[in-house]
Amino acid sequence: DPNSVRPYLGYSIINVNDRMGTSRYNSLQAYLNRQLHHGLALQIAYTFSRSITNTLNRDTEGGASPIMDAYNADADKALASSDQKHNLTLAYNWQIPFFSQAPSILKHTLGGWQMNGITTFRTGLPINICENRDRAGLGQSAGSLCQRPNLIGDPFLDKSTRTIDRFFNTAAFGTPANGTFGNAGRNILRGPGVNNWDFSLFKEMKTPWLGKSGGGLLSESSKLQFRGEFFNLFNHAQYNAPSRNHGTGSFGKVTSARDPRQVQLGLRLVF
């Protein structure tokens with residue numbers, strides 16, 4: 001009974017709305033844009049950052065995902081839920097020069113190809129471990145308030161021992177006594193990162209017969225473009241965050257993934 005451990009017996013939920021959230025973001029950002037030989041262009045962007053907050057980065061109006069202990073806001077000071085320590089993006093484009101000087105038939109059939117790609121590597125987002133029951137007697141439903149458990153061991157696992165059924169050390173967390181908050185910090189773990197390769201292959205063919213001189217309605221510079229686009233080219237499993245609810249059977253397990261490989265083929269008329 002939550003009412004048995006509340007400091008003001010007889011009252012239900014007492015909401016406190018205080019404009020007291022703070023955040024601090026620091027980063028090192030590097031960018032390289034290089035036009036190489038033989039039609040190859042390369043762009044690289046890297047960010048090394050750290051974002052610290054004591055609340056979620058949104059207006060919660062005191063009712064959705066508030067801080068755990070209204071008397072101790074500093075206990076929620078931690079990595080922001082949107083923090084990504086490393087973020088590397090590579091974009092590349094290659095105007096394939098082969099057959100560009102070949103005879104007309106070879107030039108139009110085998111030439112005019114273009115390769116493009118975007119590769120992304122990102123650190124996973126922080127995970128906030130929560131109790132699946134109301135231990136402190138706040139009377140709020142599961143999901144609206146994260147009451148954190150006690151930290152009784154090292155929650156991190158080596159990458160070699162980490163699996164989708166045990167993404168972190170679930171034995172490192174214990175249940176707080178009734179009427180108390182756990183001592184585990186907010187967002188102390190990280191979810192799976194991103195390793196994604198998007199790739200496309202284009203070929204353009206000039207279509208002067210569609211121009212007005214050939215009786216058509218389009219310009220003399222119209223082109224027909226073949227497009228083959230591959231999202232998540234190598235079909236890497238991009239896992240969602242594992243279950244964060246301490247005390248449930250799925251605690252610490254990855255139960256879903258995102259972004260399976262997709263292929264799109266098509267033709268486009270450019271004029």
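Of the chain's 271 residues, 30% count as buried, where buried means under 20% relative accessible area, exposed means over 50%, and partly exposed is in between (1.4 Å probe, protein chains only). This is a predicted model, so to speak of local features takes a pLDDT of at least 70 and side-chain atom pairs count only at pLDDT 80 or more, while totals for chains, interfaces and linings use all residues. Residues are numbered from 1 along each chain as its sequence is written, and side-chain values use heavy atoms, with hydrogens and water left out.

**The disulfide**

There is one disulfide in the count, going by a pair of cysteine sulfur atoms within 2.5 Å. Cys 130 and Cys 146 form it, with their sulfur atoms 1.9 Å apart. The link ties together distant parts of the chain, 16 residues apart: Cys 130 sits in strand β7 (residues 130–131) and Cys 146 in the loop between β7 and β8 (150–151). About the S-S bond the angle is -105°, so the link of Cys 130 and Cys 146 is left-handed.

| Residue | Relative accessible area | Class |
|---|---|---|
| Cys 130 | 3% | buried |
| Cys 146 | 13% | buried |
| Asn 232 | 2% | buried |
| Asn 235 | 39% | partly exposed |
| Ser 27 | 34% | partly exposed |

**Two asparagines in a loop**

Asn 232 is found in the loop between β12 (223–231) and β13, and Asn 235 has its place in the loop between β12 and β13 too. Asn 232 has a positive phi of about 55° although it is not a glycine. For Asn 235, phi is near 55°, again a positive value in a residue other than glycine.

**Core and pocket**

The largest nonpolar core has nine residues: Ile 127, Ile 129, Phe 167, Phe 168, Ala 172, Phe 173, Leu 189, Phe 251 and Val 254. A core here is a set of buried Ala, Val, Leu, Ile, Met, Phe, Trp, Tyr and Cys residues joined through side-chain atoms within 4.5 Å. Leaving out residues up to four places away in sequence, Val 254 touches Ile 164, Phe 167, Tyr 239, Asn 240 and Pro 242.

Phe 167 turns up again at the second largest pocket, as one of the residues closest to its centre. That pocket has a volume of about 650 Å³. It is lined by 23 residues, and Arg 162, Gly 191, Pro 192 and Gly 193 are also among the closest to the centre. Elements giving two or more residues to the lining are β10 (189–190), β11 (194–206) and β13 (238–239). On a 1 Å grid over the protein atoms alone, a pocket is an open set of points where a 1.4 Å probe fits, with protein on both sides within 12 Å along at least five of seven lines, and lining residues have an atom within 4 Å of a point. Points are joined across faces, edges and corners, and the volume is the space filled by probe spheres set on them.

**Ser 27**

Ser 27 lies in strand β1 (residues 23–35). Beyond four places in sequence, Ser 27 is in contact with Thr 47, Phe 48 and Ser 49.

Note on methods. Helix = DSSP H or I, 4+ residues; strand = E, 2+ residues; numbered from the N terminus. Contact = heavy atoms within 4.5 Å.
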